Structures are given as structure tokens and as C-alpha cells.
Amino acid sequence: MDITIAILLTIATAATPLLIAAIGELVVERSGVLNLGVEGMMIMGAVGGFGAGYLTGSAWLGLLAAIAIGALFSLLFAVMTLSLATNQVATGLSLTLLGLGFSGMMGTGFVGLPGQRLPDLYIPGLTTLPVVGEFLFGQDPIFYISIALTAGVAWFLFKTRAGLTLRSIGDSHGSAHALGINVIRYRYMAVIFGGACAGLAGGQLSLVYTPQWVENMSAGRGWIALALVVFASWRPWRVLVGAYIFGAVWIGQLHAQAFGIPVPPQILSSLPYLATIVVLVLISRNKRLTMMNTPASLGQPFVPDR
Amino acid sequence: MRLELIKRPQRSALFSILSPFIAFVLTLVAGSIMFALLGVNPVSALHAYFVEPLSQVWQLHELAIKAAPLILIAVGLSVCYRANIWNIGAEGQFIMGGIVGSILPVTYPEFQNAFVLPLMLLMGMVGGAAYAAIPAFLKARFNTNEILTSLMLVYVAQLLLDWIVRGPWRDPKGFNFPQTVQFSDAATLPELWPQSGRANWGFVFALVAAVLVWLMMSRMLKGFEVRVLGSSPRAGRFAGFSVGRMVFFAFMLSGALAGLAGISEVSGAINQLLPSISPGYGFTAIIVAFLGRLNPLGIVAAGLVLGLTYLGGESAQAALGLSDKVARVFQGMLLFFVLGCDTLIHYRIRLVGMTTPKLEPASKLEEVH
Amino acid sequence: MKRLLIALMATAASLSMVVGAQAADKLKACWVYVGPIGDFGYSYQHNQGRLEAEKALGDKIETSYLENVAEGPDADRAFERLAREGCGIIFGTSFGFMDSMVKVAKKFPDIKFEHATGYKTADNLGVYNARFYEGRYVMGQIAAKVSKKGVAGYIGSFPIPEVVMGINAFMLGAQSVNPDFKLKIVWVSSWFDPGKEADAAKTLFDQGVDIISQHTDSTAPLQVAEERGLHGFGQSSDMIKFAPHAQLTSNTDEWGPYYIERIKAALDGTWKPDNVWLGIKDGAVVLSPFTNMPDDVKAMAEASEKKITDGWNPFTGPVYKQDGSEWLKDGQVAKDEVLLGMNFYVKGIDDKLPQ
């Protein structure tokens, strides 16, 4: 295998969970809700996916379970912040705390067991194409889901009426409510979608990336996903670019080491975060860009008054 | 059926007092069910959680150690949040306080006299405040969302600490282990009553900060300014208050307090820099700030309660073999109940029958799944 | 309601008395782990040792542990708590617990403390460690035999002496078979992050190595080797279940025998603070069954294992440092203190040690 393709494949696997979780959070934030519990929902998806895969013997059922658990767990956040109007930041942080603990409790019996791995795609004739075959047609199913999800969310947000409504809620829930839109219902949908995505991302960890269950295996990827959403200024395709840049920096650094080029990994690792801040500043300097991209009512609770 | 919130004309005094108790009882009930399901006697579990840590002097000291950074950071954050400024990067400011405050004991370890400790504390505050000034500047100058910039800067600070401890500041005699030299006695925050436990001056700083900020918020013009700008920036502007200056004030005050917490932790409890100096104090403090309802005195109580759940979790683990995962779940439950019950202060909750739902927009959202 | 409360309080009171009363004649042995016992690596193995001790000594002891204890103030509190809760002997399993243990041991002179991988001792504080490098030497030999390309990959956590020592032993073993053997080293700056470890393994394979060794704790690198149809070595625990066709052997930690011996000593009053460094011959470092290799390689590995059991040290001269200067003369054996502070590579490693 050509080394460039090999590197690309490794980057894709590393970037996919970040991309999926970030795409989910993007929809949540576009609706004006900030859910800092991504890490918690992700780890719940990881343990649920592994457990269901292991117990049923089917990695596909594991995948479904990961999505379901992520969605279910986010429902807790939705009830708290949307129905009870609690503070989103504090509730999201509590959700992460709860998820890390709860997943550890659920997963005690799964430690040290080899799990199911989702099989890679194989299309006769295509997968074996020279150079591009393996990258385009020979990866795990979640890779394709992640691309489809990006395209789907981009289409939904910018090409459908419901997407427009969702964005308008994120920009001004007050006006949206005045127009007769059910703000809370939309936000419920968005939060649950975000939870399902985070769960799927966790499932990728325990069913593809490293098919096993160990505590804390998400290792901070949920937080990176949060950063990615901002880095991408709430644009789906930019999230994809951002996730692959994150992955490329990390994998490139490993390759540099293996070639014998010393690099201080911390400095390289901090670049994406600094880049995110620069991007934020650039988009906020331009009033028009800000208006177009930043959900103005992000993080503010909404209670319909009547 | 669904929940409907109806805003009370003013906050309910009754539920202000009652809500923490309701939350606590709910936590006890839910916790008991969980413990019973895990095959542990709920009574002994709750005893280990809430009684045992409070029944021994040394544990009270430990509680003070654990609660001090939480209170110190949360008090600062409460000013920010009251002003409607969302600093969630206290973890980064805590770390920067630890790093900047450690410049003296790490690079000039032979400099040992009565000035070194006050200087360290001052530098820690300056470090935290300066780091907090970055998102404040970006917010004031470019109107950049401070939630996100302050969060990004947390990661940068963590990586900076990691690099500095593994690289330039690594103890030359430390067998390549990632740690700096140990601080001299002159650079160590003294303990309060060494005979009975390890609690250090950090806890006193936390209490003093809480009282001072409480006085500021309730008795001084500055506090009035914070509240006015927080609830209505327009009204604030008419009163002649500057939003931009408030952003700097709130960020730098909370940054300085987080920085002080950082250097107090490094100097008092750890005594050297390690690649990680905080088990997430900066984030936990956000929860503490809300548990304490953004009131500095309430925050003292909230910090102690949260600290107690850490200690209780350990005591349950040691005495009953309940794993630390259970402790975290229990903590999470407590937080959810407290946050949920506080809704009762501002809202009445009514259950209403479902009107015929319009599912049209919702189904469109689902197409994307 | 009131009656219920009174009843509850009475139960609580009687219960706390029961808790206080028991444990009078039994020895309570306690552990503090730095990671979760569910890591299937370092902390998991220590906990297996605890369970073995519990099984072997039955009702003479009771055990207790705290997991996921962060180094620093939380560790201070953990040791203090166990000391106060009637533990007679306390094992701390992370290097970073050293100063906490020194402090608490001073405060509780009647309680016995044992610190894994540290170097500070006291009248009631002993240290113990395992010579993992012995197993790594044998692994290096196997790698040089099995590798078709003559290059192995090595996934490191942090460049501390323990890890550098392992890399050097691996290389010396490999060179004893193939003097031109090459090593590619990648640091992941973590003891435990399955994703990152898997990425590192893929990177190394992509760069042309056909065998990997790791000084990180998860099974992820071996799973990658399994997928690629290549080979690797396990770490801490036997990982054969995760890589039935890829694992050649695993350098496992068996703390059980040591824990049993020390607790027995504490029980019959012969415990003294020790400074022991246990190896293959003590049963603390165990190479799990040699699999997926030809019989002649297996025979060689078994012979080396036997030689080390009989007292031979892999760090026996002549050994040269990376820059070509002589480190150990012919027949000279490295001193333990030097090994414990090792911060240089041996000759033949192309990489630069991060400083």
C-alpha cells in the first residue's frame, strides 16, 4: 500500500469520531443550545455499543445501541435545560460527569473482552482499484456514514424549510416563538439528534477504532469535538475539514517521530486550538459574517411565556 | 402530557430555602435505590458518604483542602455570570496561575525569604488575570464569543503546562520524571493547624474572597454596576456604565481568583508542578457557582457540599468497596437534582394535556438521521 | 415519619459501631491504584495481585482499595484515609505517590507501607519494582528472529528511565540475533489512550516495520497487528484473546506472589522495609506462552528465559552508548542505580532521546 494512502486511512479513522460528534453538536448549537456533555454522551455510546455488540454478537446491533444510548442520555439534558430551564453550561458539565461514572459502572463486566469490529466495505472491482480504491471504497461503514451525515446536515440546514426554522430559532428564539414556531420542540429534536451523533461517535471508538471497552476510552475527544464546531464557525463542511486537520496534525506528528524527526508534540497539539481562536476573531470582526454564522441565542435558556 | 413552566412574578422566597432540601432528599432516595440495586446497604452507604467525613477532624481538614480551590474559583465566576459574561475557562486561568506563580521557586530555588511566598501569590494572580484578559480583550474589541475562546485557552494552558514540566522546567535530579523541583519551605503555603491536619491558608483565602466579593456585590456601587449590566446592558449604558470595561473587570477578577487558587494549590498542597495540577477544578467550580446560585456565601456552602461528595465517595469506596464510578454517578445525580429543583424558585411547574401536535417540522428533522 | 427517622438513625448508629468493631484480629491490607482497575493493564494487574492475596490468605486478611487516585493532594488523602481506617499494610502502585507515601508513613509509624517503582525508603516504607527489562530482552531476540525486514516499531509513553531501559534491553536482545537490527520509536505522551496507541501502531506499520512492541497499557496496538496480519508483543497482562494470531508473547506483571509473601511477613511479624527489584526468577515478570513463532525461535526464547532465571543480566558488557563510547566493559554488569536513572540509548538506535 502506498504510504500516502495509508496515512490518509489512519487520519480518516482518527477524524471520524470527532467529525460525527461535532456535526451533532453543530445542529444542537445551531438551535441555540450549548451542550457541553458531548464527552459524557460519547462514552455512553462507546460502552453501549460495545456491550450490545458483545452480547448479541453483532457489531451492527452494537452500532444501533450506541446511537440509541447517546440519544437517550441526551434526553436527560433536554428535559433539564429545555423543560426545566436549567443552566446549560452547568447541566452539560454534570452530564459529562454522570456519563463517565455511569459508563464505568455499566462496563465493569466488559473489561478484557475482545469485541466485535464492524467489517470494512468491500466492493469487488472498486476496492481493489489502484491508489484510490481503498480510501474511497474500502473503509469501515461509519466513515461513509460520517460523510453522508455531513452532507445531510449541510443540506438540511441550508436547503430545507425546517433547517431555516432551526437556524432562526438559534438566532432569536424570541422572534421564532412570536412567529408561532414551537421552539422547545425543535430544540428537543436537535439535542436528541446531537446525542445520537455523540453516541454513534462513541460506537465508532468501541466498534471500529479500537474494538474493546476500557474506562475513559473517549479520552477527551468530546471536548475536541466542541472545539471543532467553533473552529468551523458552525458550517458542516468546515467541520469535516477541521476534523481532518486535527487528525492530520496528530498522525503527521507520529509519522515525523517514526522518521526520526523530533517535534514537541504539545506545541503541535495546541495549534488547532489557537487556530480556532483566530478563526473566531476573524469571523466576529466582520459583523455580517457573525450574523450569518453564529447562533446569537447560544446558551440562553428559553421559556415560552403565555 | 407535558411540563409547562410559568414564570413567577418574583423569585419565590419559600422555594429559595426549600429547593436545596428537596434536592437533597431526592438525591438520598435515588441514591438509596442505586445502592440497594448494587447490593449495598443504603444506610451504611449514606453514612459513609455524609456522616463519616464530617465526624473526624482530619477529614474536615481534607474537606477544606478540596473545597478551597472550588470556592475561590466559583466566587470569581459568580461575578462574571452575574454580569452575563460567560467565562468557562477558569481551568486554564487556574493552570496559568500555577505556572506563573511557580516561576520563582522553580527558576530561583535558592531565593528563600519572607518575600517569596507573597510574591508567588501575587504572580499567580497576575498570571491568571492576564490569561483571562485574552478572551476579555477579544470580546471587548472584536465581540468574539467568550464562552468559546475561554474554553479553547484551557486546552492551550494544559498543553503549555505539560510541555514546560516535561521540558525546560523538569527537575534535573528527577530521573527524567515529568516534575519540577520541590518548593522550599519558604515557598510553601503554611498549614493552618499542623497538629490536626493539612488544611492550609488556601481555605482562608477562599473565605476572605467570598466575603469581600459578597460585600462588593451587595453593598458597593461596583456590584450594582455588575447586576445592572448583567440584566440589561441598555439600561447600564444609560446609567453611564461601560460594557467593555465590565468585560475586562469581570474576566480579570475571576482570572485573578482562579490564578490565586492555582498557585495556592501548587504551593500548598502539591509543592511542585506536575503535568496535571487540577482534576478539573475550573470546570467543577462552574457547577459550584450555580449550586451556590451565584451568591458568594451560597458558593461557600456549595463548595463544601461538593467537596464532601468527593470525600464521601472515597470513604464509601474504602469502607464498602463501592467503586469510584458509583461516586461519580452519585455526584452527578446530586447536581441534576439541585439544578432541577432550583427551577422552582423562578417558575411554577404545571402539567398540561398535550394539544394536537404539529409533527410536520419534526419529521423533516428526522430525515437527516 | 418521625418514628421512621428515629429508626433510621438508630440503625445508622449501630451500624457505625459494627464497622468500628470488626477487623480487630484480621490484618487489613490495602491498595491505592493510580488508574481504574478496568484498564486491563497496569492497575488491573495490581488488582489481580490483590485478589490472589485475598484468595491465598483467606480469612486471615481483609482487603480494600482506592482506584483512580490522582497524584498529589488526592493521593495524600487516600493514604491517610486508609491508614486511619485500620489498614495494617498499604501498597501504593504509582511512582508519583512517592512523596505522599513518605509523608503519611512518617505520620503512622506503626503501619507498613510498600511503594512500587519508587526509591525513597523509611523504617516503615519499603519499595518494590519489577525488572521488566528482562522480558523485553527476550522479546527483542524474538523480534529479530521473526521480523523479515529487520525493523521493529516501539510505542513509548514517556521517556523516563523505566521506559528507556526497556527500549535498550529490547535492542540489545535484537542485536544479539541480528547486529544490524533497526528500531523506530514513537512517543504517544500517554500511558493509556487506546485510540492514540492504535494510531501509533498504524503509523509504524505504514512506515514498514513488521513487528511492534509497546510500553503503553492498552491492547489496541496488538489489535492493529492482528488486523494487518503482522506481529506484536503484549504488555502488563496476557493479551492473546485480543490478538490470537499476532501476539508472540506478553511481558506480564504478576504481583500476587510478592503481595502474598509481604502480607504473610506482616502477619507473622517478620516484615522489614525492603528494597527489592524482582525479575523473571522471582515470578514477578512472566513471559506468557510463546505463540505464533517457529519452534527454533521458541527454543531460543526459552533458553534465554532460562539463562536470565539462572541469574544472567541482559545489561552485561560489552555494551556501547549511542555515541559509540563504552558503557559496560566486557563482563561488567550494570549497577541497579545506573539502570534506574537511565537516560541514554545504546548503540544502534538511530533515534534521539527526547530531553
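Reader: What distance separates the centres of domain 1 of chain C and domain 2 of chain C?
Author: The centres, taken over C-alpha atoms, are separated by 29 Å. Domain 1 of chain C covers 25–130, and domain 2 covers 134–250 + 287–340; such bounds come from an automatic or database domain assignment. This is a predicted model, in which local features need pLDDT of at least 70, side-chain atom pairs count only at pLDDT 80 or more, and totals for chains, interfaces and linings use all residues. Residues are numbered from 1 along each chain as its sequence is written, while chains are lettered from A and ligands numbered from 1 in the order in which they are written.

Reader: How many residues does the contact take from domain 1 of chain C and from domain 2 of chain C?
Author: Each of the two domains of chain C gives 9 residues to the contact. Two residues are in contact if their C-beta atoms, placed from the backbone, lie within 7 Å. On the side of domain 1 of chain C that touches domain 2, there are 4 nonpolar, 4 polar and 1 charged residues. Ala, Val, Leu, Ile, Met, Phe, Trp, Tyr, Cys and Pro count as nonpolar, Asp, Glu, Lys and Arg as charged, and the others, Gly among them, as polar.

Reader: Turning to the sheets of chain C, what is the order of the strands in the open sheet with parallel pairing?
Author: The order is β2-β1-β3-β4-β5-β11 in chain C, making 6 strands. Helices (H or I, at least four residues) and strands (E, at least two) are DSSP runs, numbered from the N terminus, and two strands pair if DSSP finds at least two bridges between them. At the edges stand β2 (61–66) and β11 (275–278) of chain C, each pairing on one side only. The twist from one strand to the next averages 20°. Axes here are lines fitted to C-alpha atoms, for helices over the stretch in contact, and angles run from 0 to 180 degrees between N-to-C directions.

Reader: Which helix packs on that sheet and touches β1 and β2 of chain C?
Author: Helix α2 (residues 42–57) of chain C does, and its direction makes about 165° with that of β2(C). Within the sheet, β3(C) and β4(C) are parallel partners over 4 bridges; F91(C) has E114(C) of β4(C) as its bridge partner.

Reader: And which residues of helix α4 of chain C are buried?
Author: In α4 (residues 98–107) of chain C, the buried residues are M98(C), S100(C), M101(C), V104(C) and A105(C). A residue is buried if 20 or more other C-beta atoms lie within 10 Å of its own, exposed if 12 or fewer, and partly exposed in between, with C-beta atoms placed from the backbone.

Reader: Why are they on the same side of α4(C)?
Author: Because they cover an arc of only 155° around the axis of α4(C); the arc is that of the directions from the helix axis to the C-beta atoms. The buried residues of α4(C) pack against α3 (73–84), β3 (89–92), β4 (112–116) and β5 (125–130) of chain C.

Reader: What about the sheet with mixed pairing; what is its strand order?
Author: That open sheet of 6 strands runs β7-β6-β8-β9-β10-β12 in chain C. Its edge strands are β7 (182–187) and β12 (285–287), each of which pairs on one side only.

Reader: Now the interfaces: how many residues of chain A are in contact with chain B?
Author: There are 49 residues of chain A in contact with 41 residues of chain B. By class, the chain A side that touches chain B has 29 nonpolar, 17 polar and 3 charged residues.

Reader: Which helix gives the most to the side of chain A that touches chain C?
Author: The contact takes 30 residues from chain A and 29 residues from chain C, and α11(A) gives the most to the chain A side, with 6 residues. That side has 18 nonpolar, 11 polar and 1 charged residues.

Reader: Last one: is L104(B) buried or exposed?
Author: L104(B) is buried, with 20 other C-beta atoms within 10 Å. L104(B) lies in helix α5 (residues 103–107) of chain B. Not counting residues up to four places away in sequence, L104(B) touches F111(B), V116(B), L119(B), M120(B) and A187(B).
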